[in-house]
Each structure stands twice: as structure tokens, then as C-alpha cells.
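Me: I have a model to go through with you. Let us take it residue by residue, with cut-offs stated.

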Amino acid sequence: MINKNLVTLKANYLADTMQSELIKKTIWSNVSIVSYNIPLLAMLSIYENISLPLQYFENVKQKDAENIVLNMLKKYNMAHAMYYKPKKLNEFELLIVKYLRASIRKPKHIFFFLPHRMLLTDDYSPFIHFIKDINSADVTVVENYRYFDEYKNLDFKEIPYNSWQTLVLKI
């Protein structure tokens, strides 16, 4: 069963602190991060940005990685953008690409840090539909309390900031 958690924060800087702690403790673990602080590489194509962790960590051949990424992009109707540079995509498409990069190695847990910062819009509904359909890994969304109502109809377990590591990561 996939667990979905929501950590609400009173201040955005707490998410930055949380993300820094997570990166230090889990850099080689089975946890991935989707964040505005972890950018895509502008000079690389979408395909290259997504496949980089797979090729680097798993030593997957380029042609095999290309097929994997193409299938991932097809799921989100983005196959046409495979060789685009990131600047050609809108904010929501960039978020999807960051998610695909984070999920390509099949982590056990994916953290989304302040997705509202990545979207730069008041229309949060595409992200809510997107996050609702993720079922490949446990998910934790770390978000400012102002956006809490967006998650009220989703099956997310709310976790207090001061206990997120113990409850989610068990570290």
C-alpha cells in the first residue's frame, strides 16, 4: 500500500531546513526529492535530465535509457518534449520532469518540497490531480499551511513538522 503524507509548515524556510537535513542523511538511500531547490540542468534536454541518474547510478546504456524515458514521458503526454530544453516547458511540465527524474530509480519514498513554489500559479488543481494518481512510491508533500485546504479531499496523513523524520523515514 502506498502511503501519502502531508507535512504542513508555518514558514517556508522550515522546508529548506528539512530538505537540507534529508539530503545529508539520505544522499545514497532509496529516497528522492522533487524541489524548486534542485533544478533541471538548462543545457541538457528533458531526456538527459531524466536519464542522468539512471545512467550514472545504474550504468544503463543510452539506448535503453532513451526507451525508458520515452515510456515515462508518454504516460504524461509529454513524449513530444523529450529533446526540448527545460526553458521550453511550463512550470507544471517542469514539475513532472523533476518527478520523473526523482522516480526513475524506483525509490521507496519521494518528497515534494513546497510544490507551490515550482508552479508559480494560483491554480493548484493540476498538481492535486497529479499527486493523487502517484502510486509507485510512498509520497510526502511538504507544504506551507496556506495550501492545506488543497489537500483536504485527498487521502493524505498529516504529520507534524517536528516528527516527520521519525514517522516517515524512521531514522
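Me: Is arginine 105 buried, exposed or partly exposed?
Reply: First the ground rules: this is a predicted model, in which local features need pLDDT of at least 70, side-chain atom pairs count only at pLDDT 80 or more, and totals for chains, interfaces and linings use all residues. Residues are numbered from 1 along each chain as its sequence is written, and side-chain values use heavy atoms, with hydrogens and water left out. Buried means under 20% relative accessible area, exposed over 50%, and partly exposed in between (1.4 Å probe, protein chains only). Arginine 105 has 37% relative accessibility, so it counts as partly exposed.

Me: Which residue forms a salt bridge with arginine 105?
Reply: A salt bridge needs a side-chain nitrogen of Lys or Arg within 4 Å of a carboxyl oxygen of Asp or Glu. Here the N to O distance is 3.0 Å. The pair links distant parts of the chain, 47 residues apart: arginine 105 is in the loop between α4 and β3, its partner in helix α2. (Helices are DSSP runs of H or I, at least four residues, and strands are runs of E, at least two, numbered from the N terminus.) The partner is glutamate 58.

Me: How many salt bridges are there by this rule?
Reply: Glutamate 58 and arginine 105 form one of them. Aspartate 16 and arginine 117 form a salt bridge too, with the closest N and O atoms 3.8 Å apart. That pair joins helix α1 (residues 12-26) to helix α5, 101 residues apart. The count is two.

Me: Which backbone oxygen lies 2.7 Å from a polar side-chain atom of serine 32?
Reply: Serine 32 is in strand β2 (residues 31-35). It is buried, at 15% relative accessible area. Contact means heavy atoms within 4.5 Å, and beyond four places in sequence serine 32 touches Ala102, Pro107, His109, Ile110 and Phe111. The oxygen belongs to alanine 102.

Me: Is serine 45 buried or exposed?
Reply: Serine 45 sits in the loop between β2 and α2. Leaving aside neighbours within four places, it contacts Met82, Tyr83, Tyr84 and Lys85. Its C-alpha is 6.8 Å from that of proline 86, 41 residues apart along the chain. With a relative accessible area of 4%, serine 45 is buried.

Me: Is methionine 43 buried or exposed?
Reply: Methionine 43 is placed in the loop between β2 and α2 (46-58). With Leu41 and Leu52 it forms a nonpolar surface patch of about 280 Å² accessible area. Patch members have over 30% relative accessible area and no salt bridge; nonpolar side chains (Val, Leu, Ile, Met, Phe, Trp, Tyr) are joined within 5 Å, like charges within 9 Å. At 60% relative accessible area, methionine 43 is exposed.

Me: Why do the buried residues of α6 line one face of the helix?
Reply: In helix α6 (residues 125-133), Phe127, Ile128, Phe130 and Ile131 are buried. An α-helix has 3.6 residues a turn, so residues three or four places apart point the same way. The buried residues of α6 pack against β1 (4-9), α4 (91-103), β3 (109-113), α5 (115-119) and β4 (138-144). They line one face because, seen down the axis, they fall within an arc (directions from the helix axis to the C-beta atoms) of 165°.

Definitions and conventions
Polar contact = N/O pair within 3.5 Å; in protein donor to acceptor, adjacent residues only side chain to side chain. Areas by Shrake-Rupley, 256 points an atom, 1.4 Å probe, with all protein chains shown as cover.
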